[in-house]
Amino acid sequence: MAESEMIVGDEVDDTSHALVVRLKERDVAAITAVYREHHVAVRRFAQRLVGDVEAAEDLVQDVFVALPSAIGRFRGDCALRTFLVSIAVNHAKNHVRAAARRRAALSRLASEPEPMSPDPHHDLERRALGDRLMTALDSLPLDQRVAVVLSEIEDRTSTEIATIVGAPEGTVRTRIFHAKRKLRELMTKGGER
Amino acid sequence: MSTDRHQPSMVDEDAVLANAFRSVRSEYDGEREEADLTLQRALFQTRVQKKRQRITRWALLPAAAVLIASTAWAGATGRLPSVSTMLDAIYEGREHTPPAPVPSSTSLRVPTSSTAAAFTADPTPPAAREPAAREPAASGVVASSPPSAGSAESAPASSTPSMVPSPKAARVTEALSASSAPGPTPSAPSAAAPSMARAAENAASPPRAALAPPAPSSSASDPHAALFAEAHRLHFTEHDPARALAAWDRYLDAAPNGRFAPEARYNRALALVRLGRRTEAQQELAAFSNGMYGEYRRADAKALFDALARDASSP
């Protein structure tokens, strides 16, 4: 890791120019280094956005396959991790659809596996709430979904989200507002049922 | 009141939503046992992409550059037409098409004299496509020694051009039938000759484009094209059948197997008709109507031949 100091914080980028060049050249060692450094964060976002671990894994793979081609757009005005999340956002569409279809099929069959936990009742409630949220997220437009996941689950600021999605901060805030309003309605309806 | 009632419900909803967000946050922490497997898959795909990129960069791009450069060089040095002719020959050789005097398909569509087509056609056909040696009878006409039909038919089969009959044939037939229709039918054979000549002239009158001199490229690649052009000019521009006949003979003497030889022979027959030398003209036309050149000018020649025969037999 001597040639690249990677990420120190989310606001400042310390990615060395040499690493960017190596990534552009599809250097396997460079890709591996970046993966080791950021895969957890990227996967976490992918799982939270998609709501399905398998689909999220495919999305993570897509992100690191697309990285050498996308790194040309990296200007160093954000952290590499943020840039990776933005790649994930750009590749998320199909994976979100696939996960939503899978979720819908599982809800019809009611064959979701039960979690193994010392507190099964609590886990079941928590899981049920999470599933309701994911089902509600499936009915949102993708841009609103991305905004609310980044804001409410990933705890990112509007500025960061604006950088990731490539939209003005005001637009991001509007998306979050509309998304939360719709989610409230959907969660209430879902709870009443 | 309603606001008071609404307020707690909003708070409840927000709490539910917040709990749901928290639940998702805690459920998905980004850890996965298969993380290394995902890395391996990503690296495999990256290697494949890199390989493709390398092939594109080191093989396809240089090959494309070489192709472009060589094409530009061939175009600049004038080698491109010969390459295209060579490819043409290879292509036609594969198809085993019979040799044709005028290979260009455009010539097949020209309804009037194929002279025009001959000028516009590819000037450097393969030698195999040219008709066989000119029958001695043709030159014998000038030497007032009429050729026999047998000599015309004795030409090798390979010289038979495969041409689609020109639509002009129908018009020739009409013109000839008009000339032989009841009316001022000439009583003497000598008087019939001019009407035939007119018919022949109508049949062979070239379009405006045909009157244009041969393109420099065709002259450059066919040394006898100038002779043909001269004969064509005398025939169709100056309307001087005697000098045209001599010019056609000069061309045929110089290039008996030339690219335009069949057309020159046909035009020579027309000149003979205009000069009233019916017997010689018929002998020349017989070669065409007997199929010595395949379908090339066959219908035109037959119509003209029949018209000459009818005029000869009419009182």
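**Entry 1**

H2(A) gives the most, with 11 residues. Helices are DSSP runs (H or I, at least four residues), numbered from the N terminus.

**Entry 2: a note on the model.** This is a predicted model, in which local features need pLDDT of at least 70 and side-chain atom pairs count only at pLDDT 80 or more, while totals for chains, interfaces and linings use all residues. Residues are numbered from 1 along each chain as its sequence is written, chains are lettered from A and ligands numbered from 1 in the order in which they are written, and side-chain values use heavy atoms, with hydrogens and water left out.

**Entry 3: how much is buried.** I found 41 residues of chain A in contact (heavy atoms within 4.5 Å) with 32 residues of chain B. About 3,400 Å² is buried between the two chains, and carbon and sulfur atoms give 59% of that. Buried area is the accessible area (1.4 Å probe) that two parts lose on being put together, summed over both. In chain A, the residues losing the most area to chain B are A:Arg26, A:Gln61 and A:Arg184, together 19% of what that side buries.

**Entry 4: salt bridges.** I counted a side-chain nitrogen of Lys or Arg within 4 Å of a carboxyl oxygen of Asp or Glu as a salt bridge. Over all chains there are 28 salt bridges, and between chain A and chain B there are five. A:Arg184 pairs with B:Asp14 in a salt bridge (2.6 Å, N to O). Within chain A, A:Glu57 and A:Arg43 form a salt bridge, with their closest N and O atoms 2.8 Å apart. A:Glu57 sits in helix H3 and A:Arg43 in helix H2, 14 residues apart.

Key:
Helix = DSSP H or I, 4+ residues; strand = E, 2+ residues; numbered from the N terminus.
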